[in-house]
Structures are given as C-alpha cells and as structure tokens.
Amino acid sequence: MSFKVKKAGLFTTVQDLGRYSFQRFGMSVAGAMDLYSLRLANILVGNEQSEAGLEATFMGPTLEFMEEEIIAITGADMGAKINGNPAPMWRSILMKKGDVLSFGGVKSGLRAYIAFSRKLDVPTIMGSKATFTRGRIGGFEGRKLADGDQIGFKEETLTGTKGHYLLKDQIPQYRSDDTIRVVLGPQDDHFPEESIDTFLSSTYSITNEADRMGYRLEGEKILHKEGPDIISDGIVFGSVQVPGHGMPIIMMADRATTGGYTKIATVITPDLYKLAQMGPGSKIRFSKVTVEEANAIYRKSETGIEEILKHVENNSFNIRDGRSMKLKVNGKSYSVEVNEIV
Amino acid sequence: MYDKVKYLPAGDSSLSMEFGNEISVQVNKRIRNTLAAIEEGPPEGLKELIPTYRSIQVLYDPMVTDFGQMVGKLQEIAESVGEGGSDNYRIVEIPTCYGGEYGPDIEFVAKHNDLSVEEVIKIHSSTDYLLYMLGFTPGFGYLGGMSEKIATPRLEVPRTIIPAGSAGIAGSQTGIYPIDSPGGWQLIGRTPIKLYDPLAEVPVLLNAGDYVRFKPISEDEFKKIHKLVQEGSYEVNIIHNGEVRLDVL
C-alpha cells in the first residue's frame, strides 16, 4: 500500500532520466521532459538524482496517501494543496496517512514533478523506469496514470527523517517568452546563409502540436538549399528539424531515435528545461553558441546542481518536528508549518 | 562514401560521425567495422552509439570530455579501421506464414505486379535482406535488397492496428512490425517469433548488419512455433557467416 490516484490529472506518468543505451534498437529514451526539476525533486527527498518520480502536465493529479511518506514537488506551479491547504514547493513535505495531495490549474510553467523518498514499485525495463507511452512500456503498466490506480513503494517503511529546502535564488523562474541557445548543425550546411539568419533572428511560437515527442513551431519560413529530406540519421533531445514546410520542430523526450529531415541546430541541454516548461503560444528566439561554449555551459550548469546538492546536504530539518501554526499577515490567514533548521 | 569521415556537432553532448550520403552496403560495412572498433576501446566519456544508414550518432558526457577531444579520439579509431575489418555477420531466419489471415494483402501485391501469390512468396523469401539500421519503433529494422518485382505502394488508408510480427511491403522496402502499431504497409505474412521483447535480457532480436532470411512456413507450423515462443523454448535459427542470397530472380 502506498498512494492511490484519486484523479489522474491530464497526463501524469512515471519518469526518470530516460532509457539510454538501447537507442540502436529503435528504443526511444523517454524520461522527464524537465530533467532539472526531477533531479532537484529527488535531491530534496534524499534520493539519487536518477530515481523515478511523477511528471504531471498542465493539470496535476489528486493522490491519497495510504501511509506516511516524504515527498517534494518541483517544476510548474499548479497550486498544490494538501487536504485543501496550500502546499509548499521546492522543499520536502511529510505526507501523513490519509493526506490528500491535489493540484489546481497551472500558474507558471507546464510540468510539475513529485519525488518520493521511497522507490516507486514499478519494474525496471532496460535499465529504466521511464514511461514510453507510444511503445507501451515502462513506468506504471506502460501508460499514463488513470483514476483509481494504486502505486506501491519498494521499501516497506519510511526510514527518512530529514527534510530539505532550496533557497529562493535556487528555484528556476519560468517564462513564456525566452531565448533558447543552440549549437548549429549537424545539417546547417543544407541551408543558405539567409535561412540561418532567419532562424536566428525571428521569433517562433509553439503551436498546439507540442507534446512529449516534439514541439512544432510557427514563424518565419526556413528555406533549404536543395530538399528537406536526408538519408535518415540520429536524433537527440533538442534536435531542431526543418521539414519541407519550413517550420522547425524541436525533438523532445519521446522522440524517435532516427529521422529523415534536415536538422538545422540542436538546443543545448541546460536550456531544455525552459522548453519543457513552455506550452502552446509561448514565444522563443534562438541564439547561437559554439560547441566549445556549449560544452562549457553544460559543465557550469552541472556544477550549479552540485552546489545545490551541497547546500541541501548541509541544511536540513527534522521532518517530524514540524509544528503547525496559524498566522495572520496583512489581514489574511495562513496555516504554516514551522521546522527547526539543524 | 566520403574520403574522410565528417564530425558534425549535435548539441553539447552528442556528435554525428558521417560516413557518406547514400544507402550502400559499403557504407554500412564501414559503419559496422568502426562501431566494433569504438566498442573495443571506448574513449573516456563515451555514453552511447547509434548506428544509422550513413552515420554513427555518438553520445558523450561533457563532464568527462568535450567535442574536440572526442573527435580526436574517434578520428584515431576510424583511421585505424580501414577497408577490411571484421567480415562476421549473421543470417537470422524468420519463419513466416504467408497469405491468409496473416498476410491479407498478398493477393493485392500479386495482382499489382502481375504475379501469382506463389511467385510473390518465392521472390520475397529467396533473397536475404541486409538490416541497415533500427529505428521508428523498438526493434523495427530497415531492410535493403528487396526485388523490384514485388514492389507495391502503401495502402491508401493505413490500418489503425497491425499485429506484431506482420511482414509487409511499402514501395520497394520490406520489413516486420515488432510491436502492434498503426501503419500503411501491404501485409503479406506474419512471423510467430518475437522481434521485440522488453522483458528479455536482449530485448531486440535483430542488429544492424544482420541479414534477414524469410522462411515460408505453414499455418500449422506457425501455431507450433507460436506455442514454443510463448513457452520460451523456441530457438531462432541463426547462421554465422553463411552464404548470403541476393536478388537473382
């Protein structure tokens, strides 16, 4: 027994960092769209960063806890509530037996992540617990969660006692209008110079055709030198394909492993979370970095996560010491939980 | 095939080693040999290799290496590979029941090409097909070498569900659906063996560089093999370095 999915939300799946090493067999990677938020959620409950959690899109689920558990909510702000009271994000929370976690509509961002201090009891398939819905494998029965599902934990009892929190400036802010950095290539030489200029100087909007597989964009048309088709080759997270209609498509977590369209550029890994948190209608501009700069930005971003991990390890509170207090601030009443920092 | 392998950046943690801009047996062999050489002595920071028709997608960890270092090491390996390399290959026999409920479009394929159903079966099963790459869905192989005599356009209205194991024709390509999926290929038969089993230690039966040989079987044999596959006791016939049959009809 663990938690019951009272309402599944719009599209809630079990995700980890993805199913790598099997792409040569045509197996898509899947995994969290916003890997950064899932990693931070795991850090906050004391997990390995690669552990599986829940990814909720646009409208989060309602979960009833059948026993106590430490969780953390990160990513999009969907107005999380515990038993109807506002729940904090970006910190550990002790859910008690019978507590109900629910979400409203999305306020900022698009995808929220819930990490659990105990491992979700779902099978590891090809080294991963990520749900790949098109291939009907991974996660919970290879599908998105449905009302009435029940997910167990691998460990019988909760052993964690520590709570953790992030500092304000460690919490990412999501925008619906942002610049996304790319490395040109691998097929930028299939485009005339004017097309590269168009790609880098125009604003593109994300269309309604945007899901875990890819984001179709709309904006200035990008023309090819010759044709849009190439002999199929590899695709990675963030590959920007340009088919014959001249509108870019960014390949995301559930991408196919190979494809036959020219790829003008590739989004750098540290900017992928921005895209994952953007929905239809969001505006993006692309800016170019060299591959050397991209390698350096990647390392800086990983160092940032290491620093957060250090902060979290050095700052904890006893999760059972919480004391519920009622506060009145500027005439409004709040219920807050106070923990002593140790 | 290019004189020199091209190294193209694909973001901050991947690059494409491009060997040519064609679908050819020579490029495919070069790719397989290079893949084997990289796997024998993988450069530090290498995460994953994805062979395709004309390239190897290389995923690396930028915390350990970078684009420049990776290219340097891959160049050394690629240059040492040369033209020869390993000549090892497998011929994987796929027992296939043609026609009937398993291959509902075989009569259309026959009619389209002015052939009898028996001739379609004979032509389709007497050539060995080189598996260039896997992609599209888990375990789906892109096969080369089908005779133009049985080439048939895709269905005008794709089927919403095609059972796993179905063998089909689309234009001058042939292939097998590894999982139940929608699709527009002309279905000519079905194999009872599993090309894709997510719970198996090796989830996918076929590899790039294999030759696929379709072996016609009766409906009774299909049922027998199907039962053995379900019990986990069927052994796929794999011929190592055997004689490859090319399109001779």
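## Close-ups of a predicted two-chain model

**View 1. The largest nonpolar core.** The largest nonpolar core here counts 162 residues, and those with the most contacts inside it are A:A41, A:I71, A:A115, A:V182, A:I250, B:V58 and B:V212. A nonpolar core is a set of buried Ala, Val, Leu, Ile, Met, Phe, Trp, Tyr and Cys residues joined through C-beta atoms within 7 Å. Helix α1(A) gives the most to this core, with seven residues. This is a predicted model, where local features need pLDDT of at least 70 and side-chain atom pairs count only at pLDDT 80 or more, while totals for chains, interfaces and linings use all residues. Residues are numbered from 1 along each chain as its sequence is written, with chains lettered from A and ligands numbered from 1 in the order in which they are written.

**View 2. Helix α1 of chain A.** Among the buried ones are A:L35, A:R39, A:A41 and A:L44. After the helix comes A:G46, with a positive phi near 80°. Helices (H or I, at least four residues) and strands (E, at least two) are DSSP runs, numbered from the N terminus.

**View 3. Where chain B meets chain A.** Chain B brings 39 residues to this contact and chain A brings 37. Two residues are in contact if their C-beta atoms, placed from the backbone, lie within 7 Å. On the side of chain B that touches chain A, β3(B) gives the most, with five residues. That side divides into 22 nonpolar, 11 polar and six charged residues. Here Ala, Val, Leu, Ile, Met, Phe, Trp, Tyr, Cys and Pro count as nonpolar, Asp, Glu, Lys and Arg as charged, and the others, Gly among them, as polar.

**View 4. Around B:V212.** Leaving out neighbours within four places in sequence, B:V212 is in contact with residues including B:V92, B:I94, B:Y129 and B:L206.

**View 5. A loop residue, A:D99.** Look for A:D99 in the loop between β8 (92-95) and β9 (100-102) of chain A. A:D99 counts as partly exposed because it has 19 C-beta neighbours inside 10 Å. Setting aside residues up to four places away in sequence, A:D99 touches A:F65, A:I82 and A:N83. Its C-alpha atom is separated by 9.8 Å from that of A:G84, 15 residues apart along the chain.

Conventions. A residue is buried if 20 or more other C-beta atoms lie within 10 Å of its own, exposed if 12 or fewer, and partly exposed in between; C-beta atoms are placed from the backbone.
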